Number of protein chains: 2
Amino acid sequence: MTRPDWIAVDWGTTNARAWAMAGAEVLDTAPGGPGMGGLASDGFEPALLRMIDGWDIAPGTPVIACGMAGAAQGWRDAGYRKVPATPLSDTLVPVPTNDARLAVHIVPGLKQTNPADVMRGEETQIAGFLALNPDFDGAICLPGSHSKWVQISAGEVVSFRTMMTGELFAALAHHSVLRHSVAPEGWDDDTFADALSQSLSRPEQLAARLFSIRAEALLNNRGTAESTAALSGLLIGAELAAAKPYWLGLPVALIGAAGLTQHYATALAMQGVQVIRTRGDTLTLQGLTAAWRGLSKEPS
Amino acid sequence: MTRPDWIAVDWGTTNARAWAMAGAEVLDTAPGGPGMGGLASDGFEPALLRMIDGWDIAPGTPVIACGMAGAAQGWRDAGYRKVPATPLSDTLVPVPTNDARLAVHIVPGLKQTNPADVMRGEETQIAGFLALNPDFDGAICLPGSHSKWVQISAGEVVSFRTMMTGELFAALAHHSVLRHSVAPEGWDDDTFADALSQSLSRPEQLAARLFSIRAEALLNNRGTAESTAALSGLLIGAELAAAKPYWLGLPVALIGAAGLTQHYATALAMQGVQVIRTRGDTLTLQGLTAAWRGLSKEPS
């Protein structure tokens, strides 16, 4: 029976994942559990116990959780640490439990006062990336529903910005007139490159160019593959326009799923930016491991 | 029993309206009918007959329809006339009917080749505005789900652009993380003005500023009235940034519902633009009357 030294938990909005750990080694991966969206604050401990039911848990086993477990509507509000800051501090937020086998600690998020911004979960991926690349100086981009652009210097998050690119794409593709033109499958590289260049060079025209996707379909029978690539190009172009201070003249590390980071890598390469691509799922576990190491240090 | 000289019909996506007319005078308003979205092409004639059931219709009575009746998925595809063009031509598109009492004609839309754009229905409102203001030179703005900006010179539509501002607002307010921050009621003038100025002066920052609405709510407890005004200000600012060639240094006529045109009037006044506000519903009928007058002219 698996007997973990500690347990790593990534608690998202729609699902949760847990790993039985021995140091940095994964002993076992638990079955997936419910996300924050489906749980009240007193539902997290029972949900976790169901996920790790097959393991032999010694009393006081450390559980390190990141993500929405620490949201105001989560297990316990772990707050936000203010940037500039290292992505992790040694001070995690302890959570009282009914089951004495679990010593739960949650990783706080990061916040920025001006312009106002927040992250929760990404700080752990960033910590994982910096554990592997401690001397990295540049920008980290984590594309997604809420893309994050993060300026890293001397191991600290100096500043960051969130762009709702993924949510904008989904909202327009499903809940606007563009739903008639955009499809889940299909792509056209040239249309993507054109739309990206337009959006980056004339970002003030975004509002008008979005409707042109519909007009091109009506007037010129442009197909769904081109329309989908055009919408993606316009929105990623708008994101890159807003994030220009982050990537201009700096190396960029892209963290995320392969399909999505490919489009960003193409877009950034067109601007002459040097890009490193990394998968996000392994970085979360590396970041949780770094958090566990910080916790298990003796106070000096 | 009402006996119209002709019948005016405004056929939208979600509903239809019809009026019994004698020249420019409204004799009666029919009960509302189903929009294009709920009808197959052979359903339009029966739907119209149900709406005007209470009237005494002479054989060959002209019926002038604008809007989605002329869409590809409408009663009959009335096509688009290419700009530059007057908003209406004398050539309407005749539609064969089973009922010999109806002589149906549909107003075509307008199209622009580069950048690709289309309108259908707004051309009739524009014609109504120009019937009242034949010497107007400047821009017409019709705010809405798909806001239209139209350059008018010498009685012609020279060029136009569509911005999906209303649809973007609805999609973000209902289908993004901003749904937690934005509410149907509540408004704050100062927040609107700030967001508008930001969006107009730094349009490339739109993608980042949208998420700040969420972050301000989380970090600074900003309320739904301010968040709603901020979202509106950012999106109307983005629209004005894209439409700048239309309004810079020119008078602007705003056509639409009072609540919506008020925000645009405020925004444009902040830029020093002279604005005329007009209600859209009466203009549609004036435009249909102009179309009927063109139809009833003898060929010279």
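Visitor: What area is buried between chain B and chain A, and what share of it do carbon and sulfur atoms give?
Guide: About 3300 Å² is buried between chain B and chain A, and carbon and sulfur atoms give 70% of that. Buried area here is the accessible area (1.4 Å probe) that two parts lose on being put together, summed over both. On the chain B side, Met164(B), Phe211(B) and Leu219(B) supply 19% of the area buried against chain A, more than any other three residues.

Visitor: What are the ground rules for these values?
Guide: This is a predicted model: local features need pLDDT of at least 70, side-chain atom pairs count only at pLDDT 80 or more, and totals for chains, interfaces and linings use all residues. Residues are numbered from 1 along each chain as its sequence is written, chains are lettered from A and ligands numbered from 1 in the order in which they are written, and side-chain values use heavy atoms, with hydrogens and water left out.

Visitor: How many residues does each chain bring to the contact?
Guide: Chain B brings 39 residues and chain A brings 39 residues. Contact means heavy atoms within 4.5 Å.

Visitor: Why is Phe44(B) called buried?
Guide: Buried means under 20% relative accessible area, exposed over 50%, partly exposed in between (1.4 Å probe, protein chains only). Phe44(B) has 0% relative accessibility, so Phe44(B) counts as buried. Trp75(B) has 10%, so Trp75(B) is buried too.

Visitor: Why is the pair of Phe44(B) and Trp75(B) called stacked?
Guide: Rings of Phe, Tyr and Trp (its six-membered ring) pair if their centres lie within 6.5 Å; planes under 30 degrees apart count as stacked, over 60 as edge-to-face and the rest as tilted. The centres of Phe44(B) and Trp75(B) are 5.9 Å apart and the planes are at 20°, so the pair is stacked. The two residues are 31 places apart: Phe44(B) is in helix H1 (residues 44-51) of chain B, and Trp75(B) is in the loop between strand E5 (61-67) and strand E6 (80-82). Helices (H or I, at least four residues) and strands (E, at least two) are DSSP runs, numbered from the N terminus.

Visitor: How many aromatic pairs are there over all chains?
Guide: Twelve. One of them joins Trp11(A) and Phe44(A): 4.8 Å centre to centre, 55° between the planes, a tilted pair. Trp11(A) lies in strand E1 and Phe44(A) in helix H1 of chain A, 33 residues apart. Trp11(A), Phe44(A) and Trp75(A) form one aromatic cluster.

Visitor: What sits over the ring of Tyr80(A)?
Guide: The charged end of Arg120(A), 4.4 Å from the ring centre. The criterion is NZ of Lys or CZ of Arg within 6 Å of the ring centre and within 35 degrees of the ring normal. In chain B, the charged end of Arg120(B) sits over the ring of Tyr80(B), with 4.4 Å to the centre.

Visitor: What makes a nonpolar core?
Guide: Buried Ala, Val, Leu, Ile, Met, Phe, Trp, Tyr and Cys residues joined through side-chain atoms within 4.5 Å. The largest core here has 36 residues, and those with the most contacts inside it are Leu210(A), Leu210(B) and Leu231(B). Helices H3, H5 and H6 of chain A and helices H3, H5 and H6 of chain B each give two or more residues to this core. Leu231(B) touches residues including Phe169(B), Leu172(B) and Leu210(B).

Visitor: Why is Asn221(B) called exposed?
Guide: Asn221(B) has a relative accessible area of 66%, so Asn221(B) passes the mark for exposed. Asn221(B) lies in the loop between H5 and H6 of chain B. Its phi is positive, about 50°, although Asn221(B) is not a glycine. Most residues other than glycine have a negative phi, and most peptide bonds are trans.

Visitor: Which peptide bond is cis, with omega near 0°?
Guide: The bond from Val83(B) to Pro84(B). Another cis bond joins Asn114(A) and Pro115(A), with omega about 0°.

Methods
Lists of a residue's contacts leave out its neighbours within four places in sequence.
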